Amino acid sequence: MSFADLGLSEELLRAVGDTGYTDPTPIQASAIPSVLMMRDIIGIAQTGTGKTASFVLPMIDILAHGRARALMPRSLILEPTRELAAQVAENFEIYGKYHKLSMALLIGGVQMGDQVKALERGVDVLIATPGRLMDLFSRGKILLNGCSMLVIDEADRMLDMGFIPDIEEICTKLPKQRQTLLFSATMPPPIKKLADKFLSNPKTIEVARPASTNINITQWVVPVKGAAFEKRAVLRQLLREEAVTTAIIFCNRKTTVRELNKSLKKHGFAAGEIHGDMEQPARIAELERFKAGYINILVASDVAARGLDIKGVSHVFNFDAPWHPDDYVHRIGRTGRGGATGIAYTLVGPDDAENIENIEKLTGQKIQRRTVVVEAEEQGRPPRARRQGSDRRRDERPVPEREAEAPVARAPQPPREQERAPERSRRAQPQRQDSRIDSDAGSDSGWNGPVPAFLSVSLGS
DNA sequence: AAAAAAC
């Protein structure tokens, strides 16, 4: 089965070919022909299965067959987070490069001005998070009567985030005669109800969840007795022992993210943070710093757990075991992408014991344990005590500001850090060996449509 | 219990 067999246009096949992909993933192979036949779809699939391309590709062809430029948007894609919305927009740009379709990315946290201007010029596609879409709608900036195609992505996550009433309201503003695609990793009753209410005679396509048993990812559980500072000491030990080129460290709380990032920086690591309390421009900037290699450790809340595609992440650390077992699968899925190998460590303190049990229940496998012995001088010493101490170890020297601002590979490192200084060249020229289109694949291209300028920042990889 | 999302 190749992309040429799916009924897509020449231009689209050329754009797909340009990316190097030849074979569709299972969800692409079964969804694309049905979407082209204008059927409603329920797609039970997670990120990493090729989901995004399974609706972006046929949508482009369907829109291309309609009017050249619409006065009103003709399709709407709803995403739960701003970052995911930006990634879908990026995919649209890659696959739509031979089409003259315009789009607007409508997300919160950034100024409305550019989004309003794009809407006034007229766009074919809206890619939005619910809050900003509703906001713009109530200001009378958007007409949805021409929207004959709707994609509700990550529906179960929308449910978790309390978006379902918003989604229902948005659905009522769209014409009844339309095509609706709903994607969800799971089908809890409220999502089933939503589908029954707003989809007609849908075809259900289910693809196997990307197993947490992804053989590319080596998983470890590291038992830690005691408080947060002990977890930090164990984490530092692991960061030094392991050949960490690029790591994402997940915490359950935003406060933990801030504390841990501060602590890591104090100990000389090139770390940064991302969570929902940060301004959107700061979130974008921090992701960029990470992607570009100015920092090689990103401390994150679950805002970064799902879908984000950052190339060359060698390690994922769970500083806390996630509350929801599903999130574990998503978090560790940030490594081992595109056929690469990855390593995932989960620190398990007394508070995490129940969570890790649930994770093992979900994945149906016991994760191997690894005991980490913290170097003597590290043990049981809260970081505060160290600050005043005259016996600061050399590998705890903070990186001077100037060095910290240079890309990590080129930056002079503290002696111990040098062994694990990240090799950035691999990420500088990402090469995709996988011949399939990854659902949340990134791009190196900029933006050429009527879209806010900040996108050129947020969309690079 | 936590995080996410509109100003």
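**Figure 1. The protein surface near DNA strand B.** The residues of this surface divide into six nonpolar, eleven polar and eight charged; Ala, Val, Leu, Ile, Met, Phe, Trp, Tyr, Cys and Pro count as nonpolar, Asp, Glu, Lys and Arg as charged, and the others, Gly among them, as polar. The model is predicted: local features need pLDDT of at least 70 and side-chain atom pairs count only at pLDDT 80 or more, while totals for chains, interfaces and linings use all residues. Residues are numbered from 1 along each chain as its sequence is written, and chains are lettered from A and ligands numbered from 1 in the order in which they are written. DNA strand B is surrounded by 25 residues, and the closest are Gly108, Gly131, Arg253, Gly276 and Val303 (near: C-beta atom, placed from the backbone, within 6 Å of the molecule or strand). With five residues, helix α6 (residues 130-138) gives the most to this surface (helices, H or I, of at least four residues and strands, E, of at least two are DSSP runs, numbered from the N terminus).

**Figure 2. The open sheet of seven strands.** The strand order is β3-β4-β2-β5-β6-β1-β7, with parallel pairing; two strands pair if DSSP finds at least two bridges between them. At the edges are β3 (103-106) and β7 (203-206), each of which pairs on one side only. Neighbouring strands are turned against each other by 10° on average, direction ignored (axes are lines fitted to C-alpha atoms, for helices over the stretch in contact, and angles run from 0 to 180 degrees between N-to-C directions). Strand β1 (residues 41-44) is joined to β7 by four bridges, and the two run parallel. Gly43 has Ile205 of β7 as its bridge partner. Helix α3 (residues 51-65) lies across β1, β2 (75-78), β4 (125-128), β5 (149-152) and β6 (179-184), at about 170° to β5 (contact: C-beta atoms, placed from the backbone, within 7 Å).

**Figure 3. The open sheet of six strands.** Here the order is β8-β13-β12-β9-β11-β10, and the pairing is parallel. From one strand to the next the twist averages 20°. Four bridges link β10 with the parallel strand β11 (residues 297-300), and Glu273 is opposite Val299 in β11. Helix α12 (residues 280-292) packs on the sheet and touches β10 and β11; its direction makes about 145° with that of β10. Helix α13 (residues 325-332) lies across β8, β9 (247-250), β12 (315-318) and β13 (342-348), running at about 150° to β12.

**Figure 4. The surroundings of Arg370.** Arg370 is in the loop between α14 (353-363) and α15 (383-388). This residue counts as exposed because it has 12 C-beta neighbours inside 10 Å; buried is 20 or more other C-beta atoms within 10 Å of its own, exposed 12 or fewer, and partly exposed in between, with C-beta atoms placed from the backbone. Leaving out residues up to four places away in sequence, Arg370 touches Trp220 and Val222. Leu347 is 23 residues from Arg370 in sequence, and their C-alpha atoms are 9.8 Å apart.

Key
Two residues are in contact if their C-beta atoms, placed from the backbone, lie within 7 Å.
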